[in-house]
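Please open the model in your viewer and keep the selection tool at hand. The stops below are meant to be taken in order.

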Amino acid sequence: MAVRTNSLPSPVQQSTGLLLHIGLAVLFLVQVILLANASGVDALTRPHGIDQIESTFGQECNSQANDAYYVAYAVDTGKSYTVRYHWKLRGIVGNVRYYQRIGGHLSNVLDGWWGYNCRLKRNGTDWSTHAYGIAIDGNTAGEHPWLGHNHYHVWTVAHRGVWTGQQFYDGINFNDPGHFQWATGY
Ligand SMILES: [Zn+2]
């Protein structure tokens, strides 16, 4: 019986196959790099402390700090609020709004929404995180943040989880319920 040798690939076939594999690998890497760049808008690290806040988002009251906005519709009063914030957070705030909608939390969008504001901290001489466009206050009519409460009147844990799920730090940790900021240690 003759030994079949024609099932072995010739050197030409081998190198063609190798080139094909290298080509596919390069295409795959290019896709990975393109995807990483496309999501780069969200590839931020939440800053801790004022130095990191300024290196990530710039100086207080800079032109990018109020360069993104959305309109919050308060379902209890029917008022609408234009909430301005830092453009680098547009993907992250977009995620908050997305999960509010699909999670059935829009009924918790209640009166009083405030974002960017070139102001100092309440009762302080430091710039507020609102001056960097990285803080949003919600439901201020219901939560009375100016009274220094360390509890929520209205908002549920689930609703606050929409914000903290996107790495917003809950102001309840420093007696400012309804305030969410994209920074810690300040
Ligand atoms: Zn606030």
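Predicted model: local features only at pLDDT ≥ 70, side-chain atom pairs only at ≥ 80, totals over all residues.

Begin by selecting residues 90-102, which form helix α3; helices here are DSSP runs of H or I with at least four residues, strands are runs of E with at least two, and both are numbered from the N terminus. The 13 residues of α3 reach 18 Å from the first C-alpha to the last, close to the 18 Å expected at 1.5 Å a residue, where the expected span is 1.5 Å times one less than the number of residues.

Next, colour Ile92, Val93 and Val96, the buried residues of α3; a residue is buried if 20 or more other C-beta atoms, placed from the backbone, lie within 10 Å of its own, exposed if 12 or fewer do, and partly exposed in between. These three cover an arc of only 100 degrees around the axis, which puts them on the same side of α3, the arc being that of the directions from the helix axis to the C-beta atoms. An α-helix has 3.6 residues a turn, so residues three or four places apart point the same way.

If you now show β1 (68-73), β2 (80-85) and α5 (157-164), you will have the elements against which the buried residues of α3 pack, with contact meaning that two C-beta atoms, placed from the backbone, lie within 7 Å. Turn to the other side of α3 to find Tyr98, Arg101 and Ile102, which are exposed. After α3 comes Gly104, with a positive phi near 75 degrees.

**The sheet**

Select the three strands of an open sheet with the order β3-β5-β4 and antiparallel pairing; two strands pair if DSSP finds at least two bridges between them. At the edges stand β3 (135-137) and β4 (169-170), each with a single partner strand, so one side of each is left without a neighbour in the sheet. Between β3 and β5 (residues 179-181) there are three bridges, and Ala135 has Gln181 in β5 as its bridge partner.

**Two loop residues**

Which residue lies in the loop between β3 and α4 (140-143)? Select Asn139 there: its phi is positive, near 55 degrees, although Asn139 is not a glycine, and this residue is buried, with 24 other C-beta atoms within 10 Å.

Finish at Cys61, in the loop between α2 (50-57) and β1, where phi is again positive in a residue other than glycine, near 60 degrees. With 16 C-beta neighbours inside 10 Å, Cys61 counts as partly exposed.

How values were computed: Residues numbered from 1 in each chain as written.
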